[in-house]
Amino acid sequence: MTRSIFIERILRQIYNGQPSDDSSITYNLVNQWLNDAIGMAVKKNYTDSIQMDGIAYVNNSFYTTFTNLDINAETVDNETYSINLPIIPYALGKDEGVATLQIVGDKKTSQTAIPLSMNQVGYIQQLRPIQNKILYWTEGNQAYLKSNIPLTAYKATVRMISGGDSSDLQSTLIVPDDYMPMIVEYIKGQLAYERSRPIDQSNDGVDNPN
């Protein structure tokens with residue numbers, strides 16, 4: 001199902017029917033809460049896997065592969081590069097938020113880059129890059145790569161937890177069906193609170209009482 005269809009279902013439940021054109025809860029507002037709800041579902045899936053299997057992992061159905069990402073040269077040195085990630089990776093282990101990162105050229109794809117924790121980044125900065133290996137770490141919505149191979153002529157492919165493309169409401173919502181009820185209930189709860197808040201008609205700068 002697309003994000004748009006999912007959001008329409010939520011709005012119909014909140015308004016008990018088709019919302020009016022001037023309804024206060026918009027598609028974009030629901031989409032923002034949807035991103036929060038997906039993060040909550042990912043965390044729940046992560047802890048569920050530990051409890052049931054004794055191994056920490058995230059279900060494959062939460063992952064999306066993003067291709068053709070630009071690689072930017074950094075001004076710090078000529079061995080560090082950066083990639084603008086579609087979203088900030090979820091706060092899981094260093095291998096879960098971004099599962100794989102590869103460099104793609106003409107008819108050739110590199111081996112998976114080696115992920116680093118932040119403690120390892122400080123250590124590796126004191127060393128020269130490993131020959132023919134690409135190391136990477138993430139900071140916010142940036143992935144930084146360390147390599148002695150010039151990378152700006154190539155593109156990157158990243159497989160990461162995302163729930164799909166949140167900027168495109170017509171994109172497919174990437175969430176396992178068994179976690180969808182949790183997401184629905186979370187969003188409905190937030191939007192019900194949004195609707196229950198009194199609207200300030202006076203615009204005098206004084207908050208309305210709850």
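Q: How are α1 and α2 oriented to each other, roughly parallel or roughly perpendicular?
A: In this predicted model, the axes of α1 and α2 come within 10 Å and cross at roughly 100°. Angles of 65 to 115 degrees count as roughly perpendicular. The two helices α1 and α2 are therefore, relative to each other, roughly perpendicular.

Q: Which strands are the edge strands of the open sheet of five strands?
A: The sheet is open, with mixed pairing, and its strands stand in the order β2-β3-β8-β7-β6. A strand at the edge pairs on one side only, and this holds for residues 72–73 and for residues 114–115. These edge strands are β2 and β6.

Q: Which residue in β8 is the bridge partner of W137?
A: Strand β7 covers residues 135–139 and strand β8 covers residues 142–146, and the two pair in the antiparallel sense over five bridges. Within this pairing, W137 has its bridge partner in β8, namely Y144.

Q: How far apart are the closest N and O atoms of R12 and E8?
A: Both R12 and E8 lie in helix α1, which spans residues 3–15, and they are four residues apart, about one turn of the helix. R12 is partly exposed, with a relative accessible area of 40%, and E8 is also partly exposed, with a value of 29%. The two form a salt bridge in which the closest N and O atoms are separated by 3.4 Å.

Q: Is D48, the salt-bridge partner of K44, buried or exposed?
A: K44 and D48 sit four residues apart in helix α2 (residues 27–53), about one turn of the helix, and the closest N and O atoms of their salt bridge are 2.8 Å apart. K44 counts as partly exposed at 36% relative accessibility. For D48 the relative accessible area is 13%, and because buried means under 20%, D48 is buried.

Q: How many residues apart in sequence are the parts that the pair K155 and D70 ties together?
A: K155 forms a salt bridge with D70, and the closest N and O atoms are 2.2 Å apart. K155 lies in strand β9 (residues 155–161) and D70 lies in strand β1 (residues 63–70), so the separation of the parts tied together is 85 residues.

Q: What relative accessible area does D70 have?
A: K155, the partner of D70 in the salt bridge, counts as partly exposed at 31% relative accessibility. D70 is likewise partly exposed, and its relative accessible area is 45%.

Q: How many salt bridges does a search of the whole structure find?
A: Side chains of opposite charge can pair when their charged atoms come close. Among the salt bridges here are the one between R12 and E8 and the one between K44 and D48. For the whole structure, the number found is four.

Q: What percentage of the residues of the chain count as buried?
A: The accessible surface of the chain comes to about 12500 Å², and 48% of that surface belongs to carbon and sulfur atoms. The chain has 210 residues, and the share of them that counts as buried is 40%.

Conventions: Residues are numbered from 1 along each chain as its sequence is written. This is a predicted model: local features need pLDDT of at least 70, side-chain atom pairs count only at pLDDT 80 or more; totals for chains, interfaces and linings use all residues. Side-chain values use heavy atoms; hydrogens and water are left out. Two strands pair if DSSP finds at least two bridges between them. A salt bridge is a side-chain nitrogen of Lys or Arg within 4 Å of a carboxyl oxygen of Asp or Glu. Buried means under 20% relative accessible area, exposed over 50%, partly exposed in between (1.4 Å probe, protein chains only). Accessible areas come from the Shrake-Rupley method with a 1.4 Å probe; for residues, only the protein chains shown count as cover. Axes are lines fitted to C-alpha atoms, for helices over the stretch in contact, and angles run from 0 to 180 degrees between N-to-C directions. Angles under 35 degrees count as roughly parallel, over 145 as roughly antiparallel, 65 to 115 as roughly perpendicular and the rest as oblique.
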